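Please examine the structure shown below, and keep it in view while reading. The paragraphs that follow lead through it one region at a time.

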Amino acid sequence: MSIATELAHFACGLRHEALPAEVRRRAKHLILDALGCGLAARRFDFAGPALAAAAQLGGPGDRAVIGQGERLALRDAVLANGVLLHGLDYDDTHTEGIAHLTVSVLPAVLGVAAQLGMHGRDLLAAYVAGIEAGARLASVARGAFHQVGFHPTGVIGAFACAIAVAKLHGLDAARIAAAQGIALSTASGSLEFLEDGAWTKRLHPGWAAVGGITAAVLAKNHFVAPPAPYEGRFGLFRAYLGPLYEQCDLSRATRGLGSEWETVQVAVKPFPACHFVHAFADAAITLHRQGVRPEQVAHVRALVPAEVVKTVCEPAAAKRRPANDYDARFSVPYVVAASLRAGRFGLAQLDPAALRDPETLALAAKVEYEVDPQSTFPRHYCGEVILHLSDGRTLRHREAVNRGCAERPLSDAEIVDKFHDNASYVRPGGGLAALRDAVLNLDAAPARALEDALAFA
């Protein structure tokens with residue numbers, strides 16, 4: 001049985017009532033977290049151009065866009081919602097797979113379930129099916145996608161969405177497998193944005209969702225697809241990873257289906273930045289709380305997992321002086337400097353004025369990295385900050401297990417608080433409790449009830 005066929009049988013047979021209570025609860029909190037991020041994103045500069053472009057692609061339609069009254073055609077709304085959900089890099093991460101899955105799977109299943117008039121239970125089961133499949137597929141590569149310049153969120157997201165949407169359409173296992181074969185020709189996502197903080201990474205989840213929807217509907221209409229999209233001669237892992245294919249563990253794609261739940265392994269972010277820098281933010285905040293001030297610091301060393309150096313440490317000059325907020329979210333030097341100065345790292349530290357602050361930039365210029373010999377990546381996104389002070393003292397703090405991951409999770413209450421903090425950026429006057437309750441009671445109402453709760457001007 002091929003990987004696609006095995007994943008298809010799992011998705012086809014997955015029922016809401018068979019999901020463990022822990023999985024259902026976690027899934028709803030992951031959705032709530034993502035929607036809060038999407039609402040906050042509307043205040044940022046990338047949102048306007050993205051939403052304007054989406055509206056121009058197909059014109060008015062029936063599907064909701066987060067935080068606005070105007071509705072768009074299905075795939076245009078899904079594209080726009082994916083950009084918003086992922087735009088702040090504040091969304092969840094499956095740690096082992098190094099992929100943001102909710103921000104592709106959620107807009108796809110929300111849009112399609114509402115369009116088909118389905119119940120929230122159906123939406124939730126399809127969401128979990130997509131997360132479970134996507135997490136496993138991303139984990140196969142063992143971090144290799146980043147090493148060759150691909151963003152696994154965009155690449156793997158297309159397959160996860162194809163599976164989830166095919167399930168919503170009621171396709172049998174053969175057609176769900178075919179949807180994955182078609183998705184192989186839609187999966188994409190380049191890391192070239194890392195060179196200058198370009199906005200293109202924000203496009204990846206929504207585009208993956210559009211690709212997955214397209215693949216599922218083509219499969220529904222019996223469009224012929226390659227049968228081995230993962231393990232084939234020109235399948236996903238060989239074609240995208242080249243020589244690094246040798247480090248792949250294909251068994252990871254289907255291991256524990258239906259008995260081990262990757263949904264509960266998804267990490268929720270405490271900081272609005274690339275997950276690879278979170279340990280460094282927490283370490284710097286801890287040192288700030290010990291009374292360290294920027295003027296005392298002569299030199300900083302950051303111990304970084306080798307696998308993330310290309311993403312958050314290089315090119316070094318650009319990382320020390322980020323060109324914009326997106327550049328800053330992927331910079332160990334900037335995150336360490338800003339966190340050490342402020343004792344926190346939030347959206348305020350990504351404001352244009354903060355990015356130009358001379359004291360922060362002077363401190364970032366003192367940050368150098370070394371490969372961490374004790375790294376446990378990708379199980380943990382660990383990190384250590386070592387301060388060499390002008391008086392000769394050395395202070396250090398290590399975050400061996402990043403906050404928010406499955407071994408050190410944010411509580412449900414913390415996730416709800418994060419949602420309210422984020423959503424209040426655009427909805428300070430209220431109405432958030434109704435949206436929160438619509439998400440947390442998702443499996444007790446039609447999918448359109450959640451969609452309608454999101455569609456406010």
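G383 stands opposite E399, a residue of strand 7. The model in which this pair is found is a predicted one. In general, the strands of a sheet pair through backbone hydrogen bonds, and the pairing may be parallel or antiparallel.

These two strands are part of an open sheet of four strands, arranged in the order 5-4-6-7 with mixed pairing. Which strands stand at the edges of this sheet? They are strand 5 (367-371) and strand 7 (394-399); each has a single partner strand, so one side of each is left without a neighbour in the sheet. On average, neighbouring strands of the sheet are turned by 20° against each other, direction ignored.

Helices lie across these strands. Helix 12, residues 278-289, lies across strand 4 (297-304), strand 6 and strand 7, and runs at about 140° to strand 7. Helix 16, residues 332-342, lies across strand 4, strand 5 and strand 6, and its direction is at about 125° to strand 4.

One joins F377 to P378, with omega near 5°, and P378 is located in the loop between strand 5 and strand 6. Another joins E314 and P315, where omega is about -5°. P315 is found in the loop between helix 13 (309-312) and helix 14 (316-320).

The discussion now turns to the nonpolar cores. The largest nonpolar core has 119 residues, of which L35, Y127, F145, Y230, L236 and F237 touch the most other members. What does F237 touch, not counting residues up to four places away in sequence? Its contacts are L137, V140, A141, F145, Y230, G242, Y245, C248 and L250. A second, separate core comprises 46 residues, including V277, V336, A337 and L389.

Helix 5 consists of 14 residues, 102-115, and at 1.5 Å a residue it should span 20 Å; the C-alpha atoms at its ends are 19 Å apart, which agrees. Is helix 5 enclosed or open to the outside? Of its 14 residues, 13 are buried, so the helix is largely enclosed by the rest of the structure. Just after helix 5, G117 takes a positive phi of about 70°.

In the loop between strand 2 (93-94) and helix 5 one finds I98. Although I98 is not a glycine, it has a positive phi of about 55°. This residue is buried, because its relative accessible area is 6% and the cut-off for burial is under 20%. H222 likewise has a positive phi, near 65°, and is a residue other than glycine. H222 lies in the loop between helix 10 and helix 11 (236-241). The relative accessible area of H222 is 56%, so this residue is exposed, the cut-off being over 50%.

Helix 9, residues 173-183, is mostly covered, with 10 of its 11 residues buried. Among the buried residues are R175 and Q180, as well as A173 and I176. What covers the buried residues of helix 9? The covering elements include helix 1 (3-13), helix 8 and helix 10 (204-220).

Within helix 8, residues 152-168, lies G157. G157 is buried, with a relative accessible area of 0%. Leaving aside residues up to four places away in sequence, G157 touches S104, P152 and A208. G157 and H204 are 47 residues apart in sequence, while their C-alpha atoms are 8.4 Å apart in space.

Is N81 buried or exposed? N81 has a relative accessible area of 5% and is therefore buried. Its side chain reaches the backbone nitrogen of I66 at 2.9 Å. Not counting residues up to four places away in sequence, N81 touches A64, V65, I66 and P107.

Conventions: Residues numbered from 1 in each chain as written. Predicted model: local features only at pLDDT ≥ 70, side-chain atom pairs only at ≥ 80, totals over all residues. Heavy atoms only, no water. Buried < 20%, exposed > 50% of the residue type's maximum accessible area, 1.4 Å probe, protein only. Polar contact = N/O pair within 3.5 Å; in protein donor to acceptor, adjacent residues only side chain to side chain. Contact = heavy atoms within 4.5 Å. Pairing = 2+ DSSP bridges. Axes fitted to C-alpha atoms, helices over the stretch in contact; angles between N-to-C directions. Core = buried A, V, L, I, M, F, W, Y, C linked by side-chain atoms within 4.5 Å. Expected span 1.5 Å × (residues − 1).
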